[in-house]
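Here are some notes from a colleague to read beside the coordinates. I hope the numbered points are handy as you go through the chain.

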Amino acid sequence: MSITMQRLHLTHPLHFVIGLTLWCIWFVAVYGGHAIACSVAPPAPEQGVFTLVNAMLLVVSITAIALLAVLTVGCCRMARRHEGRLRFNATVSAGLYLFSTLSVVFAAMPIIGIPPCL
């Protein structure tokens, strides 16, 4: 377990792709889930944005935002502790995590303003 955690430390180059991969998984889950929910049990348009579909999409989005934000802050803290290559890896990872976090926020904004299944 210790060796695995050391390999996946926040200064590891694998974190260059983890943020964007998490964003892709979120994107597929939210938009795929939205399509399935609308085909199986579409809510009435009179309900507006306050539907179970939007609530579930918002919960998934907030969870993704929280996870990506925690990883962003963690990488920023690691970048301050290290120097050289490890600092570079942590800084680039933090930037990519921040980009992924902002991408989730931007793409999730319609959830709180547009009724589902229009």
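**Notes on the cysteines, helices and surface**

1. Let me begin with Cys38. With a relative accessible area of 18%, Cys38 falls under the 20% cut-off, so this residue counts as buried. Please keep in mind that this is a predicted model.

2. What does Cys38 pair with? A disulfide joins Cys38 to Cys117, with the two sulfur atoms 1.8 Å apart. Cys38 belongs to helix α2, while Cys117 sits in the segment after α4, so the bond ties together parts that are 79 residues apart in sequence. Searching the whole structure turns up one disulfide.

3. The torsion about the S-S bond of Cys38 and Cys117 is about -85°, so the disulfide is left-handed. Cys117 has a relative accessible area of 23%, and because this value lies between 20% and 50%, the residue is partly exposed.

4. Why is Cys75 not bonded to Cys76? The closest cysteine sulfur to that of Cys75 is in Cys76, and at 7.3 Å it is too far for a bond; the cut-off for a disulfide is 2.5 Å. Cys76, for its part, is in no disulfide, and its nearest cysteine sulfur is that of Cys75. The two also have their own burial values: Cys75 is buried at 0% relative accessible area, whereas Cys76 is partly exposed at 33%.

5. Now to helix α2, which covers residues 15-40. At 1.5 Å a residue, its 26 residues should span 38 Å, and the C-alpha atoms at its ends are 37 Å apart, which agrees. The buried residues of this helix are His15, Gly19, Trp26, Val30 and Cys38. They pack against α3 (52-81) and α4 (85-108).

6. Two other residues of α2 deserve a look. Ile25 is part of helix α2, and at 53% relative accessibility Ile25 counts as exposed, because the value is over 50%. Its C-alpha atom is 9.6 Å from that of Ala64, a residue 39 places away in sequence. Val17 is in helix α2 as well; at 46% relative accessibility, Val17 counts as partly exposed.

7. Next comes Leu57, which is found in helix α3. Leu57 counts as buried at 9% relative accessibility. Setting aside neighbours within four places in sequence, Leu57 is in contact with Val30, His34 and Ile111. Val30 is itself among the buried residues of α2. The C-alpha atoms of Leu57 and Tyr31 are separated by 8.7 Å, although these residues are 26 residues apart along the chain.

8. Is Thr101 buried or exposed? Thr101 is buried, with a relative accessible area of 8%, and its place is in helix α4. Beyond its neighbours within four places in sequence, Thr101 is in contact with Ile65, Leu68, Ala69 and Thr72.

9. A last point for your own check brings us back to the cysteines. The pair to inspect is Cys38 and Cys117, whose sulfur atoms form the disulfide. Cys75 and Cys76 can be viewed beside them, with 7.3 Å between their sulfur atoms.

Technical notes
Residues numbered from 1 in each chain as written. Predicted model: local features only at pLDDT ≥ 70, side-chain atom pairs only at ≥ 80, totals over all residues. Heavy atoms only, no water. Helix = DSSP H or I, 4+ residues; strand = E, 2+ residues; numbered from the N terminus. Expected span 1.5 Å × (residues − 1). Buried < 20%, exposed > 50% of the residue type's maximum accessible area, 1.4 Å probe, protein only. Contact = heavy atoms within 4.5 Å.
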